[in-house]
Amino acid sequence: MRLLACLLLVVIGLLSYDIYAGRNGYVQYQQVSAELDKARERSELLTRRNQALQDELGDLKQGSAAIEELARSELGFIKEGETFYRVIAAGPSDTQN
């Protein structure tokens with residue numbers, strides 16, 4: 001009977017060790033959880049960085065469009081490949097009756 005009790009105690013100890021420190025055990029679970037938390041933090045950081053870059057790119061595109069529009073209206077800016085036409089309204093001296 002004593003031998004059976006010792007044998008059961010050893011089996012329980014081996015199973016406990018396997019659950020705690022064996023493959024896919026509690027220790028490995030803790031390590032993988034810590035790695036997952038780090039990966040999530042890194043992913044969130046990169047997501048925020050990407051969003052900031054997209055916002056900055058949008059601002060630059062919007063700013064370029066506003067600057068271009070101002071240059072066209074105030075300074076007569078013409079892009080390469082465009083043709084400029086000036087339309088002059090007829091004044092009182094230009095009309096012949």
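**View A. Arg 72 is partly exposed, with a relative accessible area of 31%.** Here, buried means under 20% relative accessible area, exposed means over 50%, and partly exposed is anything in between, using a 1.4 Å probe and protein chains only. You're looking at a predicted model, where local features need pLDDT of at least 70 and side-chain atom pairs count only at pLDDT 80 or more, while totals for chains, interfaces and linings use all residues. Residues are numbered from 1 along each chain as its sequence is written, and side-chain values use heavy atoms, with hydrogens and water left out.

**View B. Arg 72 meets Glu 68 in a salt bridge, at 3.3 Å from N to O.** A salt bridge means a side-chain nitrogen of Lys or Arg within 4 Å of a carboxyl oxygen of Asp or Glu. Both residues belong to helix α2, four residues apart, or about one turn of the helix. Helices here are DSSP runs of H or I with at least four residues, strands are runs of E with at least two, and both are numbered from the N terminus. Why does that spacing work? An α-helix has 3.6 residues a turn, so residues three or four places apart point the same way. Glu 68 is partly exposed too, at 26% relative accessible area.

**View C. Glu 82 and Arg 72 also pair up, in a salt bridge of 2.9 Å, N to O.** This pair links distant parts of the chain, 10 residues apart: Glu 82 is in the segment after α2, while Arg 72 is in the helix itself. Glu 82 is partly exposed, at 37% relative accessibility. Which residues make up the network of salt bridges here? Glu 68, Arg 72, Lys 79 and Glu 82 are the ones linked in it. Just after α2, look for Gly 76, which takes a positive phi of about 75 degrees.

View D. Glu 44 is partly exposed, at 47% relative accessible area. As a general idea, side chains of opposite charge can pair when their charged atoms come close. By the salt-bridge rule, the count comes to four.

**View E. Helix α2 has 50 residues and reaches 72 Å from its first C-alpha to its last.** That's close to the 74 Å expected, where the expected span is 1.5 Å times one less than the number of residues. An unreviewed UniProt entry lists residues 29-56 as a "coiled-coil region"; UniProt positions use the numbering here, feature names are shortened, and annotations may be inferred rather than shown by experiment. That span is 100% helix and 0% strand, with its end C-alpha atoms 40 Å apart.

**View F. Met 1, Leu 4, Leu 7, Leu 8, Val 11, Ile 12 and Leu 15 form a nonpolar patch on the surface.** Patches use residues with over 30% relative accessible area and no salt bridge, joining like charges within 9 Å and nonpolar side chains (Val, Leu, Ile, Met, Phe, Trp, Tyr) within 5 Å. Together these residues have about 750 Å² of accessible area, worked out by the Shrake-Rupley method with a 1.4 Å probe, with only the protein chains shown counting as cover for residues. One of them, Leu 4, is found in helix α1 (residues 2-21). Leu 4 is partly exposed, at 47% relative accessible area.
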